[in-house]
Amino acid sequence: MLRNQTILEIHPQLKTLVESYANMTYLDLFSHVANSDNTLIQAYSDDGIHLNSAGFEIWANLIKPYL
């Protein structure tokens with residue numbers, strides 16, 4: 001299971017990979033649902049790992065312009 005620290009370590013690599021393709025856009029969704037200590041904001045996650053409906057609403061609003 002991926003933990004927040006692992007996600008933070010993978011993000012720069014994913015960003016670099018995505019930006020190497022002309023027709024792809026990297027979206028950093030994690031920073032919009034995490035707090036300053038890189039844990040999910042309690043309002044957006046019931047278990048600290050998975051997004052709840054409020055978290056998915058943030059996620060959906062962020063990706064909507066790209067659909």
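Guide: Accessible areas here come from the Shrake-Rupley method with a 1.4 Å probe, and for residues only the protein chains shown count as cover. On that basis the protein chain exposes about 5,100 Å², of which carbon and sulfur atoms supply 56%. This is a predicted model, in which local features need pLDDT of at least 70 and side-chain atom pairs count only at pLDDT 80 or more, while totals for chains, interfaces and linings use all residues. Residues are numbered from 1 along each chain as its sequence is written, and side-chain values use heavy atoms, with hydrogens and water left out.

Of the 67 residues of the protein chain, 19% count as buried, where buried means under 20% relative accessible area, exposed means over 50%, and partly exposed lies in between (1.4 Å probe, protein chains only). The secondary structure comes to three helices and zero strands; both are DSSP runs numbered from the N terminus, helices being H or I with at least four residues and strands E with at least two.

On the surface, Leu 14, Leu 17, Tyr 21 and Met 24 form a nonpolar patch with about 380 Å² of accessible area together. Such patches are made of residues with over 30% relative accessible area and no salt bridge, with like charges joined within 9 Å and nonpolar side chains (Val, Leu, Ile, Met, Phe, Trp, Tyr) within 5 Å. Leu 14 belongs to helix 1 (residues 4–19) and, at 38% relative accessibility, counts as partly exposed.

Helix 1 also holds Lys 15 and Glu 19, which lie four residues apart, about one turn of the helix, and their side chains meet in a salt bridge (2.9 Å, N to O). The rule asks for a side-chain nitrogen of Lys or Arg within 4 Å of a carboxyl oxygen of Asp or Glu, and by it the count comes to one salt bridge. Lys 15, at 35% relative accessibility, is partly exposed.

Turning to aromatic rings, those of Phe, Tyr and Trp (its six-membered ring) pair if their centres lie within 6.5 Å, with planes under 30 degrees apart counted as stacked, over 60 as edge-to-face and the rest as tilted. A search of the whole structure finds one aromatic pair: the rings of Phe 56 and Trp 59 have centres 5.9 Å apart and planes at 90°, so the pair is edge-to-face. Phe 56 is partly exposed at 42% relative accessibility, and Trp 59 is partly exposed with a relative accessible area of 35%.
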